[in-house]
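Visitor: I have a structure open and would like to learn how to read it. Can we go through it together?

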Amino acid sequence: MSWDFETPSEFQAELDWVDRFVREEVEPLDHLVRHAWDVRDPVRNALIKPLQQQVRDRGLWACHLGPELGGQGYGQVKLALLNEILGRTHCGQVVFGAQAPDSGNSEILAHYGTPELKERYLAPLLSGEIVSAYSMTEPQGGSDPTAIMTRAVLDGDEWVIDGEKWFSSHASFASFQIVLAVTDPQAAPHERTSMFVVPADAPGIEIVRDVNVWGHDEEQASHAYVRFRSVRIPRDHLLGERGRGFAVAQTRLGGAGSTMRCARWAWSGRAWT
Ligand SMILES: Cc1cc2nc3c(=O)[nH]c(=O)nc-3n(C[C@H](O)[C@H](O)[C@H](O)COP(=O)(O)OP(=O)(O)OC[C@H]3O[C@@H](n4cnc5c(N)ncnc54)[C@H](O)[C@@H]3O)c2cc1C
């Protein structure tokens, strides 16, 4: 039996366009843009937005999403080949609407968000107007999420969140965070947590500091240590069912979240999360 690993010629043509575009248009921006996720930076916006439009015109915007959300619905192989090229640069993921953690967060919102949450958070996220953060890891538990201690308690029509998260990439730039917290401490270990949308302007959120990894310079430090002190969010900001936080997390930690991060990292080791 023969097994063909060739890239289809029409997709190879797209990859060749991406390769040239990244080399000629995106790589130079890495020297000019302080942080590609910082949507508040006018220099970043002036340089990146026109390139994002070129990517949209080419039909390559947010390819991890299905056509109903404006993407191409590419499978894992095509996404891996594409992300291998984008991983050469700091700005590439953002120029192509493929950046972590927004790619995975948009999948969670698409699957589990109410129509109101989709309108308020998913639509501007997909159009590149805002960025988001994902807050799961805690100082005492990263690899083992059953060690998570952040609590969310229902008080009338609001959830009240208390706890600490770290490595919340880009929380300092984010309009909202997606947060995993314990809601049912007496349940079985994998049924204790639930997932929430937490608006960045909710009182009680403190960015303790932005952490620097992999030799990035101090200015680019963007993996935040975040503290939640009695942060109140509306009851309907729960994503999916109560107690199903781990299942919701898998929506983002699978395809777009982790596999594509590895593809970007495989190339250069400088793919930002
Ligand atoms: C650049 C960067 C960006 C990140 N962005 C985010 C983000 O946006 N949001 C977020 O929530 N998290 C983020 N993370 C956190 C990441 O998910 C955690 O670092 C990861 O889950 C590992 O957790 P830890 O660092 O606490 O390591 P630990 O859990 O302390 O693990 C340390 C080592 O011990 C091993 N180990 C742990 N437990 C066991 C065990 N029971 N048996 C055997 N070996 C074990 C691990 O494999 C590892 O080698 C980011 C991390 C980095 C480096």
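Visitor: How many residue pairs are in polar contact between domain 1 and domain 2?

Guide: First, the ground rules. This is a predicted model, where local features need pLDDT of at least 70, side-chain atom pairs count only at pLDDT 80 or more, and totals for chains, interfaces and linings use all residues. Residues are numbered from 1 along each chain as its sequence is written, and side-chain values use heavy atoms, with hydrogens and water left out. A polar contact is a pair of N or O atoms within 3.5 Å; within protein, one must be able to donate a hydrogen and the other to accept it, and residues adjacent in sequence count only if both atoms are side-chain atoms. Here the count between domain 1 and domain 2 is eight residue pairs, both residues at pLDDT 80 or more.

Visitor: Which residues make up each domain?

Guide: Domain bounds come from an automatic or database domain assignment. Domain 1 is 9–112 + 254–268, and domain 2 is 115–245. Their C-alpha centres lie 24 Å apart.

Visitor: How much area do domain 1 and domain 2 bury between them?

Guide: Buried area is the accessible area (1.4 Å probe) that two parts lose on being put together, summed over both. The two domains bury about 2,200 Å², with 64% of it on carbon and sulfur atoms. In domain 1, Arg-34, Asn-105 and Leu-109 lose the most area to domain 2, together 27% of what that side buries.

Visitor: How many salt bridges cross that interface?

Guide: A salt bridge is a side-chain nitrogen of Lys or Arg within 4 Å of a carboxyl oxygen of Asp or Glu. Across the interface of domain 1 and domain 2, the rule finds zero. The structure as a whole holds 14.

Visitor: Where do Arg-23 and Asp-19 lie?

Guide: Helices (H or I, at least four residues) and strands (E, at least two) are DSSP runs, numbered from the N terminus. Both residues lie in helix 1 (residues 9–26), four residues apart, about one turn of the helix. A network of salt bridges links Asp-19, Arg-23, Glu-27 and Arg-88.

Visitor: Now Asp-38 and its partner Arg-34. Is Asp-38 buried or exposed?

Guide: Buried means under 20% relative accessible area, exposed over 50%, partly exposed in between (1.4 Å probe, protein chains only). Asp-38 counts as buried, at 6%. Arg-34 counts as partly exposed, at 32%. Their closest N and O atoms are 3.4 Å apart in a salt bridge.
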